[in-house]
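User: Hey, I'm new to this one. Can you walk me through it?

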Amino acid sequence: MAATAASATRGRRGLGPAFVTAALVFGPGSVTTASSLGAGFGYDLVWAPVLATVLMLCFVDLSVRIGLSTDRGPVGTVAARFGRVIAVVVAFGAFLVTTSFQAGNSVSTGAASQVLLGVDVALFAALFTALAIGFVWLPSLYRNLERIMVAIILVMLAIFVVTAILVQPDPAALVRGLVPSLPSGSSALVVASVATTFSVVGAFYQIQLVREKGWGPDDYGTARRDATIGTLALGLLSFVIMIAAAAVLHPVGATVSSPADMATILEPAVGRWASALFAIGLWAASFSSLVGNATIGGAMLAGASGREEGGLRSTVVKACITVVMLLGGVVAVVFGGIPVKLILTAQAATIFVAPAVAVALVLLARHRSRGALAIGAVQTSLGVVGVGFLVLLAVSYVRNFV
């Protein structure tokens, strides 16, 4: 088992990798989408994050199984099974996806700071980007990354759950919303909602994270528990934000166009301190994705160039992560926001790369090299459902632009 030497000495117990995945997946886009769903459709669509969580649970588990039974990084594992060309396509596609979203993470750290302190968005976007770059170059990157991401997830859970309780949601309407339905005009938001939680690229990087942890095939029970708890935390975050928006924004017809809007709009209903609390949660979501998203993008860039060996201890990998952060920070500062073309690029890249990554994960998890960790018929079927959803999303995207 080719786990890093530093990771191996940390022991095989505890949680962490899936919490890192949850923190990097749950970003400002997740806050905006969940808020928009609740504001626009009340409790009718609370089933959407539940569906997304089930699919994410499946694919994170696939990656855990692969990570525990490979002696290579994510890109190297794909290359060994499907060839170098396919691996480079997958890696570069994932790099493009994460880099396209990086500017939004930088902007949102500044936007959350503006809600809290009334400061300039671009200035604080640059400040937190610089802080994130400094964090990447600290010794023992994985250990520090795990600690801060677990803490951020727990803080966000506390903040957003408290917010959802304070707004006093309607329990009966909430239960009715768990039954799937598709109100008129909701399909695009439902797709966006599922996509923000069901991140195949995030799941794919779990292969590396379990290796960084130092886990091997005998640790599957611990790794599966970590994957389950971390992914449920990810789904719960979207769920409780949607509930808060449904309780406060939907009755008055308010809309959400940015993640910072949610904190501002909440103030009349729950008070200045509660909206400030939400803004802190938004900052945590933005900063965790600022670091985590770039970590994936940098690792994929290093993998595409054949230099992922050494994982998060590697100087090359850290340099690639820094490149992603700089690209996002420069765009955020120069444009003072997220250019529309960049958003379209991110959407297109996600939609067309995700099905390829999902297919690769299903096939890798079924391969005989997984040994006792190879998936069976039930999980294969669920994986096929996930692939089908992603293909449907790609078809829908093409139809909207043809």
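**Core and aromatic rings**

Analyst: The largest nonpolar core has 122 residues, and Phe59 and Phe198 have the most contacts inside it. Such a core is a set of buried Ala, Val, Leu, Ile, Met, Phe, Trp, Tyr and Cys residues joined through side-chain atoms within 4.5 Å. Helix H12 (residues 220-248) gives the largest share of this core, 16 residues. Helices are DSSP runs (H or I, at least four residues), numbered from the N terminus. This is a predicted model: local features need pLDDT of at least 70, side-chain atom pairs count only at pLDDT 80 or more, and totals for chains, interfaces and linings use all residues. Residues are numbered from 1 along each chain as its sequence is written, and side-chain values use heavy atoms, leaving out hydrogens and water.

User: What is Phe59 in contact with, leaving aside its neighbours within four places in sequence?

Analyst: Phe198, Ala203, Ala358, Leu361, Val362, Gly383, Gly386 and Val387. Contact means heavy atoms within 4.5 Å.

User: New topic: how many aromatic pairs are there?

Analyst: Eight. Rings of Phe, Tyr and Trp (its six-membered ring) pair if their centres lie within 6.5 Å; planes under 30 degrees apart count as stacked, over 60 as edge-to-face and the rest as tilted. Phe128 and Phe287 form an edge-to-face pair, 6.3 Å centre to centre with 70 degrees between the planes. Phe128 lies in helix H7 (residues 121-136) and Phe287 in helix H14 (residues 272-304), so the pair ties together parts 159 residues apart in sequence.

User: Are Phe128 and Phe287 buried or exposed?

Analyst: Both Phe128 and Phe287 are buried, where buried means under 20% relative accessible area, exposed over 50% and partly exposed in between (1.4 Å probe, protein chains only).

How values were computed. Helix = DSSP H or I, 4+ residues; strand = E, 2+ residues; numbered from the N terminus.
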